[in-house]
Amino acid sequence: MRKRKLLAFGLAFCLGLSGVWNFSKPVFAAEAQSESQVQSENTSGEDHITSMDEEGNIKDADSSAKLIENPAGPNKSRSGEPQVVNFRTKNNAITEFIEQETAKQGYTNGAYGADAVYLGSANGKYKFMLSGVVGWVKAEEVQVVNLSQAKAVSCYEVKDGKLMHHIVQDMTTPGYATSLNNGPAPSYLTPGTIYYSYDGHYFYTDYGVMAADYRQNQRTQSVNPQEPYYNYFQYLPMRSQSGYTGEEINGVLDKLVNANSKMKNTGETFVKNQNTYGVHALLMTGIAANESNWGKSSISQKKNNLFGLNATDAAPGANANQYSSVEACIEDFANGWMSRGYLYPGDYRYQGGFLGNKASGLNVKYASDPYWGEKAANIAWRLDSTLGSKDAGAYTLAAKEIIPDTHISVNVRKEQNVSSTLLYKTEKAANYVVLVRNEEPSEGFYEIQSDAVLDSSRSTVVKDSGKYDFEGMYGYMSSDYLTVVSRGKNTQEQAPDTDETIPPEKQLESIAIANAPSKVSYIEGESFDGAGMQVLAKWSDGTESDVTGEVTWMQEALNSSYTEMTVQYTWQGVTKEAVQPITVAAKAVEEESLSLAVTPGTAELKPGESQQFGVEMKKTADTVPELKWEVLGSKSQQTVIDSSGLLTLGQDETAEKMIVRLSWGEGSDKVSDAMVTLVKEPEQENQQQESTGQETTSQSESNPSATDQTPEAAETDTKEEEYIAGQQVNGQKAAGTKSGETSDKQKNTSVKTGDASKGPLWITILSISGFLAAGMGYRKGHIKDRK
């Protein structure tokens, strides 16, 4: 390790001086990231991007996008420096692609594996290899960069006799976040050398040579062209048995998990379900530890869900399945998700019955992490080595189509001849691995362990039951399509025995609501609330169990047509229902409420002047009212008010009082009024006074009795001009002040227009003063209103 560090430093130094690129020895070797680059230990386990070390310890990792500045883009000439595809262009999100030969859609998450080798481009897509799969991804989804622009790329090295895979999750930072044990290193790989591989089978010391081989769909320039390497636990079919008892698995878990872990004391449950449903106990343990962070994640703690079942990328915590117990979860995983799901050849998720990678196996559909299968295998290696290495290399494994090419789907038959009953097909996935039961082929066929559950006559694949018989469920596959990649220690006769008897498989018969929910009366728009409800399941063996935490019901809003709510419970593909009566009342119609207030409430205007009116409106209605402005009592056709509330008096307006009215639509009884008073010009007032004086004198001379009536007429006119208390006068409230009086705030003396001794002179002074004050107030007010 020390020698390699010095070599990397020396290369970096020399290349930095010379400026010459040596593609056979890149300047970044596999070095561990500093503590500051790895987050604190994961305690929730569902929304976080994580990393893993060779001991299976899981930590949180940064989930943000990691873009490389000034990416070079694709080199269409394919000459010069090799290039890398950066999938870490998003936050914690998937990137979809199309597989090269099968045209099947796949997906990956760049936050778990950032780098892929670039192989070419066409029609706005980039060709790449990542985690064994050759595919095409849209150009806008990723970056293509020169190898020199990447601070690190994934690689392999031999450490303490083990083959370590260092996985880069961030190409902008030197080093790696994840390091996985792939098992004993093969003899052709030597310590102190960095190797590159994106399929995990063939290894290269030169990144550019590897890319060239991949483009030619060959591995001739690898260091092991005739000896492909297979990570045993990554490719061991799930249809195999561990050599450890439940008690032994419990013993090692006690050393690895804390007291509150949901994985504590699960060994017997894993072994029991292995022997019932045919799913390897140690591999299930590895998947559970990876998915639940050794039983500490919030999904496992809150929902007894060890496997992230239904914890989709969009909302893992909310969508994850709830189980009544950890035992129920393990049984559902072994039976429903594995035996009758991923291992059933008719299932759309079936790509081979092993952990695998993004080219074949469970990893193709089970997880967006391209190294999910390798991580579960990493944990299996640790468990097995701690327990005594009984399981490693126990079985013989053979692979179909090691180098992806034709993607042929091969028949699995009942007997070892081509006319025998067809049981199922392997699908087209390359590197499809099977467990071989006989060391050598017979009559051109290998006897293999069947992925599918078979009937008692071994003639038909069974879908409705996940119960598996290791001894009696097998088939035959032509040796022309298989290459043995691992010679096992166990033969068919050496398969581990167990003292446990396989219990009969219970069936779900019905469910019943034992206790009604606390709330059974609803109003339209509410949703059903199951709080307080208890649901019991009845089984074929005569037992009952509480399944309240696992039932489902409709989540949509209720309406008055609902009289009952149906709750459902599903077990091993069988769904039963129970009905809870409810009442749903119609939602009361809320009356629309509206109050209007015109502002200002009063205004004094001269002919030709304008006033902008506004409205204060309080409403609880859902709709915005259609408001209507109008002016009442005007005598000039030029006096108008527009739809915004702007009133303009005509030059010939003579009406002394007018009303501005605001209403809510045509014919509405919801109205608000403002009073407008016409202010006459001083000259007009003087002329009117003079005219009035002359007329009075004339009347007095012709009719002496009229003189005595004049004061009474003046008082009558004054009363007609009274303001309503609370109206605005030049911005101030008038408390019942008459039109012929000046407020004490404006003058210390109150003067009446009917006072003969001071009439014309005082009227003129007051009129000019009022005109100036009103005019200034108007202009200031309107300048402010229009800002």
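**Close-up 1. W294, in the loop between α6 (281-292) and α7 (298-303).** This is a predicted model, in which local features need pLDDT of at least 70, side-chain atom pairs count only at pLDDT 80 or more, and totals for chains, interfaces and linings use all residues. Residues are numbered from 1 along each chain as its sequence is written, and side-chain values use heavy atoms, with hydrogens and water left out. Helices (DSSP runs of H or I, at least four residues) and strands (runs of E, at least two) are numbered from the N terminus. W294 isn't a glycine, yet its phi is positive, about 60°. W294 counts as buried because its relative accessibility is 6%; buried means under 20% relative accessible area, exposed over 50%, and partly exposed in between (1.4 Å probe, protein chains only).

**Close-up 2. N304, in the loop between α7 and α8 (316-319).** Here's another non-glycine residue with a positive phi, near 55° for N304. With a relative accessible area of 11%, N304 is buried.

**Close-up 3. Helix α11 (residues 372-387) and what follows it.** Take 1.5 Å a residue and the 16 residues of α11 should span 22 Å; the end C-alpha atoms sit 23 Å apart, which agrees. That expected span is 1.5 Å times one less than the number of residues. Since 13 of the 16 residues are buried, α11 is largely enclosed by the rest of the structure.

**Close-up 4. A cis peptide bond from T599 to P600.** Omega for this bond is near -5°. P600 itself lies in the loop between β27 (594-599) and β28 (602-605).
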